[in-house]
Amino acid sequence: MDERFIELNRVHVTISGKTILSDVSFYAERGEILAVIGGSGAGKTTCLRVMTGQIRPVRGEVRVAGIDVVRYRERLEHVLGYVPQLDETGLYYEFSAIRNACLFARMYGIPTKEAERRAREILEFLGFRSEELMKKPVGHLSGGERKRVSICIGLIHEPRVLLLDEPTTGLDAHLRVDVLNYLRNINRQYGVTMGIVSHDLETAEFCDRVAVLEKGHVALFGNPREFVRSIQARYAFIASFEKLTDNDISRIKELRVVTDVLPVGRKTLKIFVRKIEEPLNILVDELEKVGLTPLSVTSSDITFTDYFRLIAMEKEEESFFPRNY
Ligand SMILES: Nc1ncnc2c1ncn2[C@@H]1O[C@H](COP(=O)(O)OP(=O)(O)O)[C@@H](O)[C@H]1O
Ligand SMILES: [Mg+2]
């Protein structure tokens with residue numbers, strides 16, 4: 001049977017009389033990865049603190065690994081791992097990854113030999129392939145490597161749920177993808193349920209569920225792939241043009257096979273195409289017919305970020321006649 005391993009149900013948080021979270025509900029089932037995404041000040045860290053029991057909601061239920069967090073916060077310690085933002089990790093920079101892991105393990109009463117065995121295993125899954133890397137002072141590691149050391153430490157006591165506050169923030173695009181792939185590895189290997197807080201929509205692509213927070217409430221919650229499937233488009237192409245006016249974009253939107261268009265760069269568009277045979281050929285034909293021959297066209301995936309940008313655009317266009325009022 002499915003079991004919810006992270007769950008906020010109608011959570012309401014106020015701090016000094018100000019509403020910070022309002023009616024927030026989302027969940028992840030056992031073994032899933034949940035992304036909690038939102039801009040600065042949206043309430044992401046507050047959600048994390050609610051999950052760790054550091055903040056008590058005025059209303060609502062919070063359950064983590066089957067524990068009622070509002071009532072039994074102290075039971076969380078052994079089932080919950082926490083990876084703070086990079087500047088708050090408390091890593092000892094003069095010590096190696098392995099030594100750091102052993103020091104943190106001591107707080108849970110894990111014998112050093114066992115801690116070292118676990119640390120090596122976890123670090124290997126996180127891509128630390130050489131002895132040299134495991135033994136290097138943490139201060140000499142790159143940002144991405146250091147991030148992985150703090151993930152290793154969050155996992156050292158074999159928690160059932162791992163919460164991570166902005167694990168990809170401050171990393172270059174390819175390192176962000178690396179860290180998320182490593183987290184996926186760990187999730188599969190150990191079956192640990194994860195809650196990842198991020199301001200980056202791209203994080204959702206790696207997750208089983210996504211909750212988007214806006215000003216303290218949940219704007220969107222669900223499975224990112226199902227959101228993507230819910231749109232009409234079945235194909236996407238990145239097309240660049242010699243020049244591109246607003247009028248050109250409108251004309252492309254009106255093409256028979258095109259469902260949506262998103263600007264990517266000044267002269268580059270992501271063009272979404274409905275389900276047809278030979279979508280690339282037909283798209284290029286239609287573009288040529290209206291005199292907008294592209295310089296290049298490459299096929300691309302439809303992502304959760306696209307979905308989100310498309311519905312945000314739709315909302316803006318409709319905001320003149322709001323649907324819900
Ligand atoms: N201790 C606090 N006192 C007053 N306001 C707070 C406190 N903590 C957070 N807030 C406010 O709550 C909102 C959400 O904060 P936070 O959860 O840290 O957002 P995020 O992590 O998404 O950037 C912000 O407007 C912030 O100013
Ligand atoms: Mg935050």
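**View 1. Helix H1 (residues 44-51) gives the most to the shell around ligand 1, putting in three residues.** The model is a predicted one, so local features need pLDDT of at least 70 and side-chain atom pairs count only at pLDDT 80 or more, while totals for chains, interfaces and linings use all residues. Residues are numbered from 1 along each chain as its sequence is written, with chains lettered from A and ligands numbered from 1 in the order in which they are written. Helices (H or I, at least four residues) and strands (E, at least two) are DSSP runs, numbered from the N terminus. Around ligand 1 you'll find Ile 15, Ser 16, Ile 20, Gly 38, Ser 40, Gly 41, Ala 42, Gly 43, Lys 44, Thr 45 and Thr 46. A residue makes this list if its C-beta atom, placed from the backbone, lies within 6 Å of the ligand. By class, that shell comes out as three nonpolar, seven polar and one charged. Here Ala, Val, Leu, Ile, Met, Phe, Trp, Tyr, Cys and Pro go down as nonpolar, Asp, Glu, Lys and Arg as charged, and the others, Gly among them, as polar.

**View 2. Here is an open sheet of four strands, in the order S2-S1-S4-S5.** The pairing in this sheet is antiparallel; two strands pair if DSSP finds at least two bridges between them. At the edges sit strand S2 (18-29) and strand S5 (67-68), each with pairing on one side only. Strand S4 (residues 59-64) is joined to S5 by two bridges, and these strands run antiparallel. Look for Val 64, which stands opposite Ile 67 in S5. H1 turns up again in this view, lying across strand S1 (4-15), S2 and S4. Its direction is at about 115° to S1, where axes are lines fitted to C-alpha atoms (for helices over the stretch in contact) and angles run from 0 to 180 degrees between N-to-C directions. Contact between two residues calls for C-beta atoms, placed from the backbone, within 7 Å.

**View 3. Another open sheet of four strands runs S12-S13-S11-S14, with antiparallel pairing.** Strand S12 (258-263) and strand S14 (296-300) are its edge strands, and each pairs on one side only. From one strand to the next, the twist averages 25°. Strand S11 (residues 235-240) pairs with S14 in the antiparallel sense, over five bridges, and Ile 238 stands opposite Thr 298 in S14. S12 and S13 also run antiparallel, joined by five bridges. Together S12 and S13 make a hairpin, with four residues between them. To get your bearings, find Val 261, which stands opposite Ile 271 in S13. Helix H8 (residues 246-253) lies across S12 and strand S13 (268-273), at about 150° to S12.

**View 4. Helix H2 (residues 97-106) crosses helix H3 (residues 112-125) at roughly 130°, their axes coming within 9 Å.** That makes H2 oblique to H3: angles under 35 degrees count as roughly parallel, over 145 as roughly antiparallel, 65 to 115 as roughly perpendicular and the rest as oblique. From H2, Ala 97, Ile 98, Ala 101, Cys 102 and Ala 105 meet Thr 112, Ala 115, Glu 116, Ala 119, Arg 120 and Leu 123 in H3. Sorted by class, the contact of H2 with H3 has eight nonpolar, one polar and two charged residues.

**View 5. H2 also meets H5, with axes that come within 9 Å and cross at roughly 30°.** H2 and H5 are therefore roughly parallel to each other. H2 passes H5 in a right-handed crossing. The H2 side brings Ala 97, Asn 100, Ala 101 and Phe 104, which meet Val 149, Cys 152 and Ile 153 in H5. This contact has six nonpolar, one polar and no charged residues.

**View 6. Helix H5 (residues 143-155) and helix H6 (residues 173-190) have axes that come within 10 Å and cross at roughly 20°.** That makes H5 roughly parallel to H6, and the crossing of H5 and H6 is right-handed. On the H5 side the contact is made by Gly 144, Lys 147, Arg 148 and Leu 155; on the H6 side it's Leu 175, Asp 178, Val 179, Tyr 182 and Ile 186. The contact of H5 with H6 holds five nonpolar, one polar and three charged residues.

Key. A crossing is left-handed if the near helix is turned anticlockwise from the far one by less than a right angle, and right-handed if clockwise.
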